[in-house]
Amino acid sequence: MRFISTRSEGGEFFSASDAILKGLAPDGGLFIPENIPSIPDTFTLTKGSWYALYQAMLPYFEGDELEGDLEEICRNAFNFPIPFHSENGKDTLELYFGPTAAFKDFGARFLAFSMEKLLSRRNEEITILVATSGDTGGAVASAFHSRRNLSVKVLFPKGRVAERQRMQLTGWDGNVSSYEVDGSFDDCQRMVKEAFMDPELKGLSSANSINLGRLLPQMAYYVYASSVYKLKYGEDAVFVIPSGNVGNATGAYWAKAMGAPIKRIVLAVNANKPITDYLESGEYRPRASVKTLANAMDVGAPSNIERLFSMFPDIDTFRENVSAYSVSDDEIKRTIKEVYDESGYVICPHTACGERVRRDHVQEEHSVVVSTAHPAKFNDIVEPLIGRELAIPRTLFDIMHKKPVSTEIEADYHLLFS
Ligand SMILES: *Cc1c(COP(=O)(O)O)cnc(C)c1O
């Protein structure tokens, strides 16, 4: 199994392990499989969800140095359930039972366990730098905490992250250090970029959402979930996916291309809508992001779009395969309230985008909205709408009761290494 860059015209090939350690291809493109493989005949739902995810990922590691470790990595990384919530034939896939209560735990944990394996075998060490405006940093810190041969430096803008997010960024010790930067999120990102370009600094890497190691688990849970759905309804699944950088949705398209029983994939975006605009106009224009209630989807230039373009290179093919709808903040609020009033079910602002799109644009009798985060992570938005307090999931509770440790620094990357 070989991987290529979205920008290469054939030429350089990489193994899955190389792609995971490199993050970005040397030409600045994203790693994609040379050919998308089929689901193996050994795929089964009878041995638990983590085993199904392992089977779905196995072909991507054929002949790779991690092939023999993959089963153990998946058992460790995916040690939480992936339940469906059903309401009158409408399903919601709850991807938020990992340690930081969002779907990013799947990718971050797989990446951490894979890197740990590769580095200890090579006797190398890596420092992961992450600039975060909220969610990603917490998932990465949690996943990489206590992993050997790895350390993490998390940078976030002082006074500009939510209190619960801050707790998830600072409740660590050991190999995770947290820096409160006197500046904006853009300053944090600039510091990371400058550090990567400094030839004096060696052994730095990133864990952002374009890493192949984060994408493959997201493909795998769609193979699993569509197979469960097929058993339940005897039909191919329709997925509605709340999207920002479109990494989650790219996973679904790869799963469909592998032969998973998926009928179609619908993207739900917030007021950041380069993709819906592209579908309308045929011209792709990335732009600056605008702030919304579904803040993990506040992306004006989706980083994984190159992978979708490599699958659907022209506007006609793109339109045949991708549909997308934009949801406003008012609609997000209305949907959270509507769903709660109807059934008592509580959803987060991102999931609400998906639910709104299902209600307004999906005609099929059955469908699955992908729930990307636990609503209690966004209690300040959700609780006033439903008029009650939300219980905090156990894993979040644990992190929130650790002692916060962080270092305040000026916006100068040298200070990260002094
Ligand atoms: C990251 C995130 C998204 C967006 O996922 P992409 O892969 O960037 O499209 C949606 N919801 C939540 C809660 C997230 O954390």
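**Note on a predicted model**

1. V246 has a relative accessibility of 2%, so V246 counts as buried, the cut-off for that label being under 20%. The coordinates discussed in this note come from a predicted model. V246 sits in the loop between β9 (237-242) and α9, and although V246 is not a glycine, its phi is positive, at about 55°. As background, most residues other than glycine have a negative phi.

2. V246 also belongs to the lining of the largest cavity, together with S243, G244, V269, N272, P274, I275, M297, V299 and P302. The volume of this largest cavity is about 40 Å³, and the count of cavities of 30 Å³ or more comes to 1. Sorted by class, the lining of the largest cavity holds 7 nonpolar and 3 polar residues, with no charged residues.

3. Helix α9 (residues 247-257) is mostly covered, since 9 of its 11 residues are buried. The buried residues of α9 are G247, N248, A249, T250, G251, A252, Y253, W254 and A255. The helix is followed by G259, a residue whose phi is positive, near 105°.

4. A second residue that is not a glycine but has a positive phi is S146, with a value of about 70°. S146 is placed in the loop between α5 (135-144) and β6. Its relative accessibility is 47%, and S146 therefore counts as partly exposed, a label that covers values between the 20% and 50% limits.

5. Which residues of α7 are buried, and which are exposed? The buried ones are C188, M191, V192 and A195. These residues lie on the same side of α7, because they cover an arc of only 95° around the axis. D186, K193 and M197, on the other side of α7, are exposed. In general terms, an α-helix has 3.6 residues a turn, so residues three or four places apart point the same way.

6. The length of α7 can be checked in a simple way, because 13 residues (185-197) at 1.5 Å a residue should span 18 Å, and the end C-alpha atoms are 19 Å apart, which agrees. The expected figure is 1.5 Å times one less than the number of residues. As for the surroundings of α7, its buried residues pack against the strands β5 (126-131), β6 (150-157), β7 (176-182), β8 (204-205) and β13 (407-410).

7. The second largest pocket has a volume of about 260 Å³. Its lining is made up of 14 residues, and those nearest the centre of the pocket are E87, K90, E342, E355 and R359. By class, the lining of the second largest pocket has 6 charged, 4 polar and 4 nonpolar residues.

8. In helix α15 (residues 379-386), the buried residues are N379, I381, V382, E383 and I386. Just after α15 comes G387, which takes a positive phi of about 70°.

9. N295 is located in the loop between α10 (274-281) and α11 (305-311). With a relative accessible area of 34%, N295 is partly exposed. Leaving aside residues up to four places away in sequence, N295 touches Q165, H350 and F378. Between N295 and A207 there are 20 Å in space, C-alpha to C-alpha, and the two are 88 residues apart in sequence.

10. How far apart are Q55 and I39 in sequence and in space? They are 16 residues apart in sequence and 7.8 Å apart in space, taken from C-alpha to C-alpha. Q55 is part of helix α2 (residues 49-57), and Q55 counts as buried because its relative accessibility is 3%. When residues up to four places away in sequence are not counted, Q55 touches P40, T42 and F43.

How values were computed. Residues are numbered from 1 along each chain as its sequence is written. This is a predicted model: local features need pLDDT of at least 70, side-chain atom pairs count only at pLDDT 80 or more; totals for chains, interfaces and linings use all residues. Side-chain values use heavy atoms; hydrogens and water are left out. Helices (H or I, at least four residues) and strands (E, at least two) are DSSP runs, numbered from the N terminus. Buried means under 20% relative accessible area, exposed over 50%, partly exposed in between (1.4 Å probe, protein chains only). The arc is that of the directions from the helix axis to the C-beta atoms. Contact means heavy atoms within 4.5 Å. On a 1 Å grid over the protein atoms alone, a cavity is a set of points where a 1.4 Å probe fits but cannot get out, and a pocket is an open set with protein on both sides within 12 Å along at least five of seven lines; lining residues have an atom within 4 Å of a point. Grid points are joined across faces, edges and corners, and a volume is the space filled by probe spheres set on the points. Ala, Val, Leu, Ile, Met, Phe, Trp, Tyr, Cys and Pro count as nonpolar, Asp, Glu, Lys and Arg as charged, and the others, Gly among them, as polar.
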